[in-house]
Amino acid sequence: MPALMAACPVECEFFLQAGQQAAKQSAMTATKDPKEQGPTTATGQKNGSAGGLMKRLRRSASVTEHNLSSLRDRKSTQNLFDQHGNPIDLRQYRKVLDKDENGNGTSEKKLRYRRTQSVTRAEEITNKEAKQRKAQPDKPIHRPRDSLFSWSSGFTNFTGLVNWGFLLLCIGGLRLGLENLLKYGVRINPIDWYFFVSGRNEGEGHNALLLIIYSLVHISLCLAVEKGLALEIISEGLGMVIQTINIIVSVCLPVVIIHLKGSAFSIMGATTVCFYYSVLFLKLWSYVQTNMWCRKTYYQRQPRERRPSISLAELKRKHPNSSDDDEEITKLVQYPENLSYKDILYFLCAPTLCYELNFPRTSRVRKRFLLKRLLEVLIGVNVLMALFQQWIIPSVRNSLIPFSNMDMALATERLLKLALPNHLVWLCFFYLLFHSFLNAIGEVLNFADRNFYCDWWNANNIDTFWRTWNMPVHRWCVRHLYIPVVQMGYSSRQASTIVFLFSAFFHEYLVSVPLQTYKIWAFLGMMGQIPLSAISRYIERRLGPRMGNIIVWASIILGQPLCIMAYYHDYVVTHFQNALNSTDHS
């Protein structure tokens, strides 16, 4: 027995605490003389069964369960033998197993069994009563049923109501559109679109184009420093300082130029420049950081001494058995072979913000798919400009006086009136940018990763929305900002706050710099997402995911027009003070 206990320490301790009392009682019963015991009572049988089970299981060499709960859930008795090799049938000890570790017969499984019996008995009674009622000569047609709108009814098919709501929304939008046409007439003029996009009536010359061409200086400097670091001409510390200054200057340059020469830029030109340099900032950051990771790995694998060069003939002599089939396998680009203008320019044009040495590629360009995406971009841009010209511009202008006078009732009415066209424009812009335009760019460049967005419309809280609606930016923030900050020792909450601060800066950058109206409404709007995220998660937990999704949609529909009204008011006050006295807000 000690040898068995030493060989099976787990089985020795198995059920020791749970069956200690039952084992003692069984042992005491076993020591008595059979003649003195007399008739066996029900309690004695139970204790004997429990003690016998405890003894057999404690001496078993095949049991892997460590407590009664695990043994209750055991679905098979295969390979369960006692010390003599006899199989143990757990079905004989079901009453013992149904007890908990303290010997009480109120285990969860027993409660479930009792409830199941109760439900089964209730169903039997209900079915019997239904049969009796059906056998009556009065032809009964009533039975116990809940109304469909009651939660207890279990009814979930509300497709018709969803169609009704969609139709009602379309009718309401059609009415607003008809009201806009009757009030302002047809304001759509494609010639004005051309003047606005080209900046023909604004600005001087082609300053925005020149500033975009100047970005080649930052790109060339970044590539030159990376080559110097790879060849160990530049030290790691000096190279990182140069790259940091270069990246920061690239994002600050438009601010300085537009502020000093604001009249030389149109609004569309300034917006294009700020958007281009924001993307360039993120891409150069990713390019530098990814090459730094590759450089560290490269130095760890490669010796520092210079190796002698080897000719192709010598290489073939060393590997005579190499087959020509290897030539068909696409060889991956290795560091520092990626440091070239071709590689960095491809990355700058690719529809991604995260740099890799080897992007996934498609085998061919699908011409029909590309043509569809280009047609969507062409038609969608015209639809956007028409909505802006016909619907949004009059609504924004009419909100100026109420917003300036802080007339809350009238300002709220203007906000709700602007919400629908602004939301339609935002949805169209999302589809054109993240589906049509980026897919077209990816098709031309054979870029295979087309996951530009996820199902943000099903987001149950604000956090999920920001993680799913703009996947290129989300991946960049996680890869190059969130994870490095966490690795530096900060908590996930602090890292998330830093990411929101970073995003808030660029939202403000893309609005304030082109308008030359340096306010903080976009910044505050993004930082307000942090408490709104906590609120949406609380509502999701308390009221369910549907209410959380409603909060997400409400923030999108009402938050954006409020920000537009605030910036338009400040823009007019800053640049066109006299317009406050001449604007009709009827």
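**Figure 1. Phenylalanine 465 in helix α19.** Phenylalanine 465 sits in helix α19, which spans residues 462-468. Helices (H or I, at least four residues) and strands (E, at least two) are DSSP runs, numbered from the N terminus. The model is predicted: local features need pLDDT of at least 70, side-chain atom pairs count only at pLDDT 80 or more, and totals for chains, interfaces and linings use all residues. Residues are numbered from 1 along each chain as its sequence is written, and side-chain values use heavy atoms, with hydrogens and water left out. Phenylalanine 465 has a relative accessible area of 5%, so it is buried (under 20% relative accessible area; exposed is over 50%, partly exposed in between; 1.4 Å probe, protein chains only). Beyond its neighbours within four places in sequence, phenylalanine 465 contacts Trp426, Trp456, Ala459, Val552 and Ile556 (contact: heavy atoms within 4.5 Å). Tryptophan 553 lies 88 residues from phenylalanine 465 in sequence, with 9.7 Å between their C-alpha atoms.

**Figure 2. Serine 399 between two helices.** Serine 399 occupies the loop between α16 (367-398) and α17 (400-404). Its relative accessibility is 3%, so serine 399 counts as buried. Residues up to four places away in sequence aside, serine 399 touches Arg414 and Met565. Leucine 418 is 19 residues from serine 399 in sequence; C-alpha to C-alpha, the two are 9.0 Å apart.

Figure 3. The peptide bond from tyrosine 335 to proline 336 is cis, with omega near 5°. Proline 336 belongs to the loop between α14 (312-318) and α15 (341-349). Most peptide bonds are trans.

Figure 4. Most residues other than glycine have a negative phi. Asparagine 446 has a positive phi, near 55°. Its place is the loop between α18 (408-444) and α19. For glutamine 516, phi is also positive, near 55°. This residue lies in the loop between α21 (492-515) and α22 (521-527). Glutamine 516 has a relative accessible area of 24%, so it is partly exposed.

**Figure 5. The chain around these views.** The chain holds 25 helices and zero strands. Of its 586 residues, 33% are buried. Among contacts with a separation of 6 or more, 74% join residues 24 or more positions apart. The accessible surface of the chain is about 37600 Å², and 61% of this surface belongs to carbon and sulfur atoms. Accessible areas come from the Shrake-Rupley method with a 1.4 Å probe; for residues, only the protein chains shown count as cover.
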